[in-house]
Amino acid sequence: MHHTPTSPAPATELPEGAVRLLDADGTLHEDARFTPYLADLTGDTLQRMYRLMATERRVDQEGTSLQRQGQLALWVPAVGQEGAQAGALTALREDDWIFPTYREHLFALGRGVTPGQLLALFRGVAHAGWAAEDHRMQPYTLVLAAQALHATGYAWGISRDQAGWDAERRRAEGQVVLACYGDGASSEGDIHESMVFAASYDLPVVFFCQNNQWAISVPAATQTRVPLAKRAAGYGFEGVTVDGNDPLAMHAVTAWAAEQARTGAGPVLIEAHTFRGGAHTTADDPTKYRTRAEEEAWAAVDPLARLEAHLRATGAAGPDPDRFFADVAAEGEELARRTREAVLAMTGDAVAPLDTVFETVYAEAHPLVAEELAWHRQWQAGFADTEAEGDRS
Amino acid sequence: MTTDTTTPAGAVPGTATGPAPVTGAGTALETLTIAKAINRALADELAADEKVLLMGEDIGSLGGVYRVTEGLKARFGADRVVDSPLAESGIIGTSIGLALRGYRPVAEIQFDGFVFPGFNQITTQLAKMHARTRGAATVPVTIRIPYGGGIGSIEHHSESPEALFAHTAGLRVITPSNAHDAYWMTRQGIRSQDPVIIFEPKRRYWLKGEVDVSADGHRGVSAFQAQVVREGTDATIAAWGPLVPVALAAANAAAEDGRSIEVIDLRSLSPVDFDALQASVEKTGRMVVTHEAPTFGGLGGEIAARLMERSFLHLEAPILRVGGFHLPYPPSRVEEQYLPDLDRILDAVDRTFAY
């Protein structure tokens, strides 16, 4: 029997109780609990938020093009999720840690990871393109949910380091960890175990679930019968569903959650209700499992358009809004150009040789690896001799 | 969490990574069971390094189901000897996070058969972290696992999964067979910058032996080296963990037949000390490798293959294996027929002389 794809009713409608501060037309609402957490949102921060979203989207599109042209093994589009990430990132402090899955491109670029470092994984030249300590952001993790336990353990380390700190010092200097995952990974056991550990030891971790409605081809309804944020109650901490396409609500709720975790109140779960606007990866074909109508319904609540409307309405884009948006578009083009340049440069001698894997599999000497490395070098050197002979003839 | 210094394999306390050696301190022998020797090693590392912490199911107030951690919670506090939730993936996964933050977690998995809920974290995450970050991240997590059969227990409590871990690049795997080694290999494992899995021979937990607990009591021997535990000239038996005493008994029995058998305790299963095995087999010309794990795809096969390459012209006979069958670990009423014993090892030794 053949089925044409029939998505469930488009889930653009928010679950009951979800937080939305900015309507699709850019109008801002008051919320007694969360509006105070917008207090730090200056015009500069709002502009940064938009700039991050727009330039990331352009890099993201370049990633898809590069894959289509055979320059990347794979690309993982994050189109549609920029609002969720930009709102959360601007609510964190620079020394807070992010433990990503593999679709957190805006977090990475926003934390100073270069496009070349970001795409090194997808170019096939490194498993981790950037040094975690330089950006307080761990490398991408492809085994879903594994990183949530690392985040929880890291938060446990922070909690131990901060033992004996009073509330004032925690508020001023305390660190929190953002544990990223998605609606698909929410079914993995490691998410459950992370939440058990985080709750039992009151750890400063914010669980950050981007519910983008689809785990490759399986809809969120197959992962859960309740809004994912409700699961937090079962572990004994608070969960909040947020309109993930509302960057201001995402900022406010993340700021609140980070404050909770930072001051010792324990973990919090944020569910960003958003949409994966593109394919799961460049190897995916969404036309086989979801409808154009669903995609169009979500495109109508696009986070970029919403923030643009807000910036224009409030004057936060400066005295010449058209100029601001044109400048950001030009920055996006420039970043896309640098992305392409960096990817194409990762070839030949710029690719770390296999020797570096031998050299880093163990921190201390391991005789088997040393023996195999010696053999490998000798084997490779044999080709060099052959090539030299070829040159002479 | 980062390091760019490379220390020698198996740097031992008192040498490369430990405090300055106390020279001329002499020996300080104590008679301890293997369980007590491990307990003492854990206590000494907890005392020496405030970043060391123990985590596992029931290891605190109860002292572990084998009482290996008995008294440590009372001495070091619940923050450093942590009774964790009942979740093996959680234990390993949060240990990785703690190590990334600069801690040195020592996780206990309650039984060999219960490591598998944590297997994903060990093999896809812990083992790869150093290489995938091109050496930037070190994750010095130690995982203690009581293993092996012969205790008359129920399903999932008697297994020997060491080959699965030795097969995984990035992990170190060690297994002591006596109290002295249990003390020093535990300390050395905790101090390694790499993830180390310590398989503890649970049916030997109560085996007593002299332990030199003086500062240089390790005598310069690394946890990642094999040891000749009985010298001989006619054939070699290679064993580890719970089967070392059986191998020694077999060697003694063979001596009554006039055969001089050398016994090697491998101690380390990743890396395997092939140099020590090669030296022995080139001296004796014959070797039997024995382990409780099934022979198919096991470490005995790997050892035989490597020594074939290294020492083919020195061999008087094929290298033979004595191990478990290709079966799930059987009900304990019949485990004696499954486990390698003195007679099966002696039979294999006899067969190496038949060529």
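Trainee: Before we start, what should I know about the model and its numbering?
Mentor: It is a predicted model, so local features need pLDDT of at least 70 and side-chain atom pairs count only at pLDDT 80 or more, while totals for chains, interfaces and linings use all residues. Residues are numbered from 1 along each chain as its sequence is written, and chains are lettered from A and ligands numbered from 1 in the order in which they are written.

Trainee: Which domains does chain B have?
Mentor: Domain 1 (32–212) and domain 2 (227–353), with bounds from an automatic or database domain assignment. Their C-alpha centres lie 26 Å apart.

Trainee: How many residues does the contact between them take from each?
Mentor: There are 24 residues from domain 1 of chain B and 19 residues from domain 2 of chain B. Two residues are in contact if their C-beta atoms, placed from the backbone, lie within 7 Å.

Trainee: And which elements are on the domain 1 side of chain B?
Mentor: Those giving two or more residues are helix H6 (162–166), strand S6 (172–174), helix H7 (179–191) and strand S7 (196–201) of chain B. Helices (H or I, at least four residues) and strands (E, at least two) are DSSP runs, numbered from the N terminus.

Trainee: Switching to chain A, what are its domains?
Mentor: Domain 1 (35–350) and domain 2 (355–392). The centres of these two domains of chain A, taken over C-alpha atoms, are separated by 40 Å.

Trainee: How many residues are in contact between chain A and chain B?
Mentor: 35 residues of chain A are in contact with 40 residues of chain B.

Trainee: Which element gives the most on the chain A side?
Mentor: H6(A), with 10 residues.

Trainee: What does H4(B) pack against?
Mentor: The buried residues of H4(B) pack against H6 of chain A, along with helix H3 (88–100) and helix H5 (129–132) of chain B. Those buried residues are B:Asn120, B:Gln121, B:Ile122, B:Gln125 and B:Leu126. Buried here means that 20 or more other C-beta atoms, placed from the backbone, lie within 10 Å of a residue's own.

Trainee: How many residues are in the largest nonpolar core?
Mentor: It has 193 residues, and those with the most contacts inside it include A:Val206, A:Val253 and A:Ile270. Such a core is a set of buried Ala, Val, Leu, Ile, Met, Phe, Trp, Tyr and Cys residues joined through C-beta atoms within 7 Å. Helix H11 (residues 247–262) of chain A gives the most to this core, with 10 residues.

Trainee: What does A:Ile270 touch?
Mentor: Not counting residues up to four places away in sequence, A:Ile270 touches several residues, among them A:Val206, A:Phe208, A:Val242 and A:Val253.

Technical notes:
A residue is buried if 20 or more other C-beta atoms lie within 10 Å of its own, exposed if 12 or fewer, and partly exposed in between; C-beta atoms are placed from the backbone.
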